[in-house]
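Please look over the structure below. The briefing after it starts with a question and then goes topic by topic.

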Amino acid sequence: MQETQRPVLAFHLILTCYGFWLPNDPRGSGSTEVWSDTLKPFGPATYVDSSRSVARKPHDNRLRLLAKSSLQYPQVRLTGAQARVAAIGMANYLKNRQIVCHAFAIMPEHVHTVLMQMHRDISRVASELKAAATKELSVRRMHPNETHRDADGKVPSMWARGERHVYLFTEDDIRRRIKYVQDNPTFARLPRQSWTFVEPFIEH
């Protein structure tokens, strides 16, 4: 929850692809509701009010994988080419909205970014970032759910519902989150990423 007494300097925003982190993940989640009927048999939402990652928390891996197997569509995993195109869409959005980005990492199943305060609702920014990435992929016929169009030709969303964001109140907070985002690919044994639209953070 935002502390209204302290000015927010920036945000660490996390966007997840469809099927990556379920609302009732046994490790905990950022969700307060399970909307999918196919997931409800696996328990209620496991909301945790913490800014710390629970990715390495011991859990019932069998139950987590069983829940994923019940999804209506396969879990979205971006290829390298799809990730680059999605990043282009997001970069164009940030440029057009004049939102300063100090860190960005796009993984096969999720996105991390650190954005400076832009006096726009962060949940709206999250939705618009996802829409920008989706549009760029769709225009190039590279949408990961391209083969799952329904009878009306509609493509299922490649994104999970909502987003997770952490308010950053100090320059130290910003610096730590930038490092976390920069290091995120290495956690998955992937190369570090460098993006031309990311601006260096200069402490005052």
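Which residue in β3 is the bridge partner of Ile106? The partner is Val111. Helices (H or I, at least four residues) and strands (E, at least two) are DSSP runs, numbered from the N terminus. This is a predicted model, where local features need pLDDT of at least 70, side-chain atom pairs count only at pLDDT 80 or more, and totals for chains, interfaces and linings use all residues. Residues are numbered from 1 along each chain as its sequence is written, and side-chain values use heavy atoms, with hydrogens and water left out.

**Confidence**

- The pLDDT is the predictor's confidence in each residue, from 0 to 100.
- The protein averages a pLDDT of 85, and 75% of the residues score at least 70.
- Among the elements, β2 has the highest mean pLDDT, at 98.
- Helix α1 (residues 61-69) has the lowest mean, at 63.
- Where pLDDT is low, the predicted coordinates should not be read in detail.

**Overall plan**

- The protein has four helices and four strands.
- Along the sequence they follow the pattern β-α-α-β-β-α-β-α.
- Of the 204 residues, 41% count as buried. Buried means under 20% relative accessible area, exposed means over 50%, and partly exposed lies in between (1.4 Å probe, protein chains only).
- A contact means heavy atoms within 4.5 Å. Of the contacts with a separation of 6 or more, 70% come from residues 24 or more positions apart.

**Strands around β3**

- Two strands pair if DSSP finds at least two bridges between them.
- β1 and β3 run antiparallel and are joined by seven bridges. Thr16 has His110 in β3 as its bridge partner.
- β2 and β3 also run antiparallel, with five bridges between them.
- These two strands, β2 and β3, form a hairpin with three residues between them.
- β3 is mostly covered, as six of its seven residues are buried.

**Helix α4**

- How far apart are the end C-alpha atoms of α4? They are 24 Å apart, which agrees with the 24 Å that its 17 residues should span at 1.5 Å a residue. The expected span is 1.5 Å times one less than the number of residues.
- α4 has a kink of about 30° at Val181, shortly before the proline Pro185. The bend at a residue is the angle between axes fitted to the seven residues ending there and the seven starting there.
- The buried residues of α4 include Ile174, Ile178, Val181 and Pro185.
- The buried residues of α4 pack against β1 (10-16), β2 (101-106), β3 (110-116) and β4 (164-168).
- Asn184 lies in α4. Asn184 counts as buried because its relative accessibility is 5%.
- Leaving out residues up to four places away in sequence, Asn184 touches Met107, His110 and His112.
- After α4 comes Arg189, whose phi is positive, near 60°.

**Salt bridges**

- Side chains of opposite charge can pair when their charged atoms come close.
- A salt bridge is a side-chain nitrogen of Lys or Arg within 4 Å of a carboxyl oxygen of Asp or Glu. By this rule the count comes to 11.
- Asp172 forms a salt bridge with Arg175, with the closest N and O atoms 2.6 Å apart.
- Both residues of that pair, Asp172 and Arg175, lie in α4 (residues 171-187), three residues apart, about one turn of the helix.
- An α-helix has 3.6 residues a turn, so residues three or four places apart point the same way.
- Asp172 is partly exposed, with a relative accessible area of 38%. Arg175 is also partly exposed, at 38% relative accessibility.
- Arg175 meets Glu203 in a salt bridge too, at 3.6 Å from N to O. This pair links distant parts of the chain: Arg175 is in α4, while Glu203 is in the segment after α4, 28 residues apart.
- Glu203 counts as partly exposed, at 41% relative accessibility.
- Arg192 forms a salt bridge with Asp183, the closest N and O atoms being 2.7 Å apart. Is Asp183 buried or exposed? Asp183 counts as buried because its relative accessibility is 13%.
- A network of salt bridges links Arg120, Arg124 and Glu128.
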